[in-house]
Amino acid sequence: MNWKRYTRRDTCPVCNGERHDCRQNLETNLIHCRSLEANPLDYIYRGQDTWGFNLWAYKPDADEWVSDRREEWERERELKKQQRERQNQESLNSLLPIQERDQVIRSILDQLTLSDRHREILKNRGFTDTQIDAAGYRSVKQWQKLDNPVSNRLSGVKWDGNSLINHTNGILIPVPNEDGLYTHLRVNDLTPDTSHKYYPLSSAKRGVKYHLASGEQPIAVYLPDKPPEKQIIGFTEGLEYKPLLASSNVGIPIIGASGGNFANSRRAIEAAIATIKAKYGWDDQTQYILYADAGSIINSNVALQYQKLGEIIPNLKVA
Ligand SMILES: [Zn+2]
């Protein structure tokens, strides 16, 4: 058969380039497109091919407009959409509750130690030994083996429970929420030219996400050792060292989000703020300050994320 493949430059007219596997059969002129979102006005739905691609005929080419085919397509599209949403919700519902994630993470930390070299690196970043020990940092080797198997329901644990899914050596960072419970594990890859300095351990490939049950990205929450003197909740970009250092340096609770991606954790942030305010008995006079990185305002993508945090917290100030 004679096929035309659509490319990024010569995009599929049905989905306008949403998919990259679309093609046209040059004998039938039918376009085979897998998009479930497409609803092109100039094309008529002609059913599916044996590979599950939807078939579309160019309307002016077609003999007649068969409207019930379009209705059939729209029904199918709606059905598939509902199916996907249900599957997504089911996989979120089956995620381990935070309390249990915390227990599994602690039993992983109990089996690992922190190397002297990594301790030195952390001290150079400004941490004290006490902070390093309290934070639960550990050294990991690529695909870190565990002596005692743990539950594979924690994202980032291999299916057999015998090792972690970390593709590099590095420092293992357990990320706490506002209750001091660990929600997930991250790794600081110390390879100089790495493209991902920090990454979450994830078993998403076998359907076990590290996300919260709401579907949101987890956040990091660090509270100071002593009750804060000022009624301020701070924000930093990143879930790792930055929020913890800021919390101990400024002496206030700090919420950190991945890559400044606050908008993807809206409900988690609102819940954390409520818990922090209740814990310290704070009222509406609470101030919210974003501790922006140097240069981040220049980086327009980060600036956009900060703008989005401002939408969640209207009286946000920037330090
Ligand atoms: Zn297409």
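Residues are numbered from 1 along each chain as its sequence is written, and side-chain values use heavy atoms, with hydrogens and water left out. In this predicted model, local features need pLDDT of at least 70 and side-chain atom pairs count only at pLDDT 80 or more, whereas totals for chains, interfaces and linings use all residues.

The domain assignment divides the protein into domain 1 (3–92), domain 2 (96–206) and domain 3 (211–319); such bounds come from an automatic or database domain assignment. The centres of domain 1 and domain 2, taken over C-alpha atoms, are separated by 43 Å.

An open sheet is formed by five strands in the order β10-β12-β11-β13-β14, and its pairing is mixed. Strands (E, at least two residues) and helices (H or I, at least four) are DSSP runs numbered from the N terminus, and two strands pair if DSSP finds at least two bridges between them. The edges are taken by β10 (220–222) and β14 (316–318), each of which has a single partner strand, so one side of each is left without a neighbour in the sheet. From one strand to the next, the twist averages 25°; axes are lines fitted to C-alpha atoms, for helices over the stretch in contact, and angles run from 0 to 180 degrees between N-to-C directions.

Strand β11 (232–237) is parallel to β12, to which four bridges join it, and Gly234 stands opposite Ile254 of β12. Four bridges also link β11 with β13 in the parallel sense; here the bridge partner of Gly234 is Ile289. Strand β13 (residues 287–290) in turn runs parallel to β14, with three bridges between them, and Leu290 lies opposite Val318 in β14. Six of the six residues of β11 are buried, where buried means under 20% relative accessible area, exposed over 50%, and partly exposed in between (1.4 Å probe, protein chains only). Ile232, Gly234 and Thr236 are buried on one side of β11, and Ile233, Phe235 and Glu237 on the other.

Helix α6 (residues 266–280) lies across β10, β11, β12 (254–257) and β13, and runs at about 145° to β11; contact means heavy atoms within 4.5 Å. The 15 residues of α6 reach 22 Å from the first C-alpha to the last, close to the 21 Å expected at 1.5 Å a residue. That expected span is 1.5 Å times one less than the number of residues. The buried residues of α6 are Ala268, Ile269, Ala272, Ile273, Ile276, Lys277 and Tyr280. Seen down the axis of α6, they fall within an arc of 160°, so they line one face of the helix; the arc is that of the directions from the helix axis to the C-beta atoms. On the other side of α6, Arg267 and Ala278 are exposed. Just after α6, Gly281 adopts a positive phi of about 65°.

Most residues other than glycine have a negative phi. Asn29 is found in the loop between β2 (23–25) and β3 (31–33) and is partly exposed, with a relative accessible area of 38%. Trp143 likewise has a positive phi, near 45°. Trp143 lies in the loop between β6 (138–140) and β7 (170–176), and is partly exposed at a relative accessible area of 41%.
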